[in-house]
Amino acid sequence: MTNHWIDLKNSDCILIMGSNAAENHPISLKYVQMAQAKGAKMINVDPRFTRTSSKADFYTALRSGTDIAFLGGMIKYILDNKLYSKEYVANYTNAGFIVGKAFKFKDGLFSGYKANDIGPALGSYDKSKWSFDMDSKGVPKMDRSLKNSRCVLQLLKKHYSRYNTKLVSSITGTPKADLVEVYKTYAATGARGKAGTIMYAMGWTQHTVGCQNIRTMAMIQLLLGNMGVAGGGVNALRGESNVQGSTDHCLLWHIWPGYLKTPRASNVSLAAYNKKWTPKSNDPLSANWWQNYPKYSVSLLKSFFGEKATKANDFGYDWLPKVDDGTDYSWLTLFDEMYKGTVNGFFAWGMNPACSGANSNKTRKAMANLDWMVNVNIFDNETGSFWKGPGMNASTIKTEVFMLPACVSVEKDGSITNSGRWMQWRYQGPKPLGNSLSDGDIIMELGLKIKEVYEKGGAFTEPILNLKWDYMTDGLYDPHKVAKEINGYYLEGPKKGKLVESFGKLKADGSTSSANWLYCHSYTEKGNMSARRSKVDAPNNIGLYPNFAWCWPVNRRIIYNRASVDLKGQPWDKKDWVVRFAGDVKDGKYVSKKWIGDVPDGGWYPLENPDGTKRKDAKYAFIMRKHGHAQIFGPGRADGPFPEHYEPLESPIEKNLMSKQRMSPVAPVYTTDADAYATNDPKFPFVCSTYRVSEHWQSGLMTRPQPWLLELQPQVFVEMSEELAKLKGINNGERVDVSSARGALECTAIVTKRFKPFKIAGKTVHQVGVPWNFGWRWPKSGTEESANLLTPPTGDPNTRIPESKAFMVNVTKK
């Protein structure tokens with residue numbers, strides 16, 4: 001979230017799309033309804049009428065996988081009707097940047113495209129074709145009037161000129177009148193003093209265009225001036241309480257903690273690594289905060305290796321693994337390699353991939369090719385017992401499985417970081433049961449045993465033997481020691497041994513440590529900031545609560561909050577303001593620095609004095625961007641600088657109505673014998689999406705063994721419209737088979753008005769939905785299986801998140 005949960009109450013219009021927040025994030029509706037009580041409108045767009053829809057002021061449906069068409073139509077509506085916030089757009093975004101003449105778009109492809117000879121990605125782009133024109137000083141050329149034909153705003157108008165309501169309606173199945181109603185209502189938040197927000201979840205991310213779904217909405221927010229303001233932002237509703245925290249601390253393969261980059265093989269030294277990933281800006285008004293990259297990388301290395309990391313050995317950089325350039329190591333690819341037999345061992349830690357992974361039949365077969373697997377979890381599950389699951393012959397499986405029992409969250413101290421970036425400390429309740437241990441104790445013991453083995457010799461011992469591993473107190477894992485390590489220490493000078501106050505104090509010379517620069521300021525000499533529980537709000541009374549828990553970065557509750565003020569530092573919204581500049585004024589000029597409200601996104605002077613003169617000691621608002629401006633034109637994505645509608649891998653129609661390119665030209669498509677797919681195939685005529693139910697948690701590991709929860713939701717089901725049920729002769733409550741090109745699933749039919757048929761390109765298209773919370777271990781009948789037996793072998797080209805929200809199936813009576 002760029003904002004946070006409580007801030008939802010400050011919004012004038014809440015768009016919930018790609019999320020069923022009422023069922024999956026119910027507390028969020030508390031704040032949405034507070035906003036509604038003050039006159040805000042809540043819009044819900046979803047293929048299915050849900051509990052969220054029932055609370056909406058306006059609901060409409062769209063076919064899964066067509067969100068960019070829907071939102072692209074909104075961009076066209078905003079531009080055609082001049083509803084964008086011109087002052088905000090011109091000064092705070094790259095709308096005025098001049099794009100080089102090499103950039104083009106034709107027939108669904110951007111310039112620089114090349115098809116791949118080998119997969120899994122279908123192709124790739126040469127992003128140099130999307131560069132900005134630079135002036136003689138190496139600063140992007142800009143036209144703040146936004147009239148230049150090659151400026152971003154004019155290219156944006158051209159790109160989305162095709163997204164008229166008639167065409168968008170034909171693609172999405174959303175009635176034209178509903179499109180206009182959504183566009184009109186949401187675009188009204190571009191008015192001065194108004195704010196709109198988006199709440200999204202896996203319904204947007206789990207597509208071959210997942211990142212671009214979110215980028216499209218971010219572009220809308222920038223056009224309307226909704227970034228950095230109270231009640232605005234782009235707000236991801238995370239799938240569990242610490243997804244944000246685990247991502248911050250490098251859950252994903254391509255990042256180190258704090259979103260530093262994983263080193264590539266071509267980064268042959270620390271200097272080469274830092275040079276590669278440290279952006280350089282020649283614009284004196286750009287803070288270009290990532291220019292501090294070497295401070296964060298060196299401080300991280302010092303945290304890893306302590307005194308053993310010295311300048312002479314590149315602070316231990318050579319001891320860390322490097323990934324091969326151009327090679328993907330994501331979930332889908334790891335299990336693809338496992339299926340091919342190239343992976344020997346696997347730690348399944350706090351997960352259940354036998355049920356949660358896309359194309360789960362392939363996942364289960366892949367685990368049968370391992371030499372060993374360690375399952376770390378609170379209970380046995382479909383993953384730990386995959387070898388005795390449906391279709392498995394244990395006598396032919398060589399995989400040796402070890403179970404390490406972990407305790408549950410209430411049995412241990414530690415922190416979680418929620419969707420709003422709030423780090424909150426939790427205290428241990430009961431002690432762990434039986435021989436279960438906390439994750440921290442398991443990790444510490446594992447690390448000590450590995451060190452013990454390597455002390456006897458082995459290949460490349462330095463990374464293991466030199467690893468700093470002193471996070472225990474009285475023989476037990478100490479989460480406070482780890483939290484302090486994450487914050488970081490002064491390692492030299494008069495403050496040696498003291499906790500660093502904030503990441504602005506970190507150094508690139510080895511004199512500081514920090515295991516995650518973003519969290520530097522979370523545990524200081526003043527104490528554990530995440531354990532604070534003050535209910536006193538900030539002076540602007542908009543729900544910041546600055547002394548309740550702690551929020552990264554540096555306790556800033558709303559990111560890019562200097563975009564909430566005009567060039568003179570005064571709020572666009574006089575009522576629900578986030579920050580304001582309150583420096584002293586003399587002769588029409590600011591003469592002292594003072595921001596009040598939230599922690600400002602950089603404490604520099606505003607861009608202009610009260611008399612309108614420009615300041616040379618100011619900085620642009622979007623400090624994390626190299627050029628200081630938010631990116632309406634985003635040249636960093638794998639699939640293009642502007643989002644474009646493409647059909648999913650599996651689609652109910654033969655062609656993309658928006659262009660000649662049917663699906664994303666850079667999406668990964670896996671091609672083993674377990675990776676079948678079928679598009680526009682009469683054998684699989686219905687669109688399907690997976691989702692969750694309130695009664696079960698994730699793959700159901702913690703909930704399906706509980707008889708009272710299983711009684712509430714005992715069976716996997718498939719929801720379908722009354723029209724489809726009539727067409728197929730299916731009655732409510734009957735058992736049916738749902739099948740895709742990859743597998744089949746026995747379900748109970750729920751015939752409902754919550755789904756309605758779509759009209760797509762003049763053709764009737766039905767959609768169904770299946771929850772993915774089930775698996776064969778519970779209930780004991782073994783008949784209730786995972787919906788991921790059906791999901792396809794593809795994902796987003798930027799993140800490789802699977803396309804679990806739009807694929808094709810058939811439904812037949814048993």
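1. Helices here (H or I, at least four residues) and strands (E, at least two) are DSSP runs, numbered from the N terminus. This is a predicted model, in which local features need pLDDT of at least 70 and side-chain atom pairs count only at pLDDT 80 or more, while totals for chains, interfaces and linings use all residues. Residues are numbered from 1 along each chain as its sequence is written, and side-chain values use heavy atoms, with hydrogens and water left out.

2. The second largest cavity has a volume of about 90 Å³. Its lining consists of Trp331, Leu332, Phe335, Asp336, Ala358, Asn359, Lys362, Thr363, Tyr670, Asp675, Pro792 and Pro793. Two or more of these residues come from each of α14 (331–340) and α16 (360–367). By class, the lining of the second largest cavity holds seven nonpolar, two polar and three charged residues. In this scheme Ala, Val, Leu, Ile, Met, Phe, Trp, Tyr, Cys and Pro count as nonpolar, Asp, Glu, Lys and Arg as charged, and the others, Gly among them, as polar.

3. There are four cavities of 30 Å³ or more in the structure. The search uses a 1 Å grid over the protein atoms alone: a cavity is a set of points where a 1.4 Å probe fits but cannot get out, a pocket is an open set with protein on both sides within 12 Å along at least five of seven lines, and lining residues have an atom within 4 Å of a point. Grid points are joined across faces, edges and corners, and a volume is the space filled by probe spheres set on the points.

4. About 120 Å³ is the volume of the largest cavity. It is lined by 16 residues, of which Ala191, Gly193, Lys194, Gly225 and Trp572 are the closest to its centre. Seven nonpolar, six polar and three charged residues make up the lining of the largest cavity.

5. Gly225 also follows helix α10, and its phi is positive, near 70 degrees. Helix α10 (residues 210–223) has 14 residues and reaches 21 Å from its first C-alpha to its last, close to the 20 Å expected at 1.5 Å a residue; the expected span is 1.5 Å times one less than the number of residues. Of the 14 residues in α10, 13 are buried, where buried means under 20% relative accessible area, exposed over 50%, and partly exposed in between (1.4 Å probe, protein chains only).

6. At least two lining residues come from each of α1 (21–24), α2 (26–37) and β16 (422–426), and α2 gives the most, with four. The lining of this pocket divides into ten nonpolar, 13 polar and four charged residues.

7. Is strand β1 (residues 13–17) mostly covered or mostly open? Five of its five residues are buried. Cys13, Leu15 and Met17 lie on one side, and Ile14 and Ile16 on the other. In a regular strand the side chains alternate between the two faces of the sheet.

8. Strand β1 runs parallel to β2 (residues 41–45), joined by five bridges, with Cys13 opposite Lys41. Four bridges join β1 to β8 (residues 196–200), also in the parallel sense, and Ile16 has Met199 as its bridge partner there. Two strands pair if DSSP finds at least two bridges between them.

9. An open sheet of three strands has the order β12-β13-β14 with parallel pairing. β12 (345–349) and β14 (400–405) stand at the edges with a single partner strand each, so one side of each lacks a neighbour in the sheet. The twist averages 15 degrees from one strand to the next, with axes being lines fitted to C-alpha atoms (for helices, over the stretch in contact) and angles running from 0 to 180 degrees between N-to-C directions. Strand β13 (residues 372–377) pairs with β14 over six bridges, and Val374 stands opposite Phe402.

10. Strand β16 belongs to another open sheet of three strands, ordered β15-β16-β21 and antiparallel. Its edges are β15 (414–417) and β21 (550–551), each with a single partner strand, so one side of each has no neighbour in the sheet. β15 and β16 are joined by four bridges, and the partner of Thr417 in β16 is Met423.
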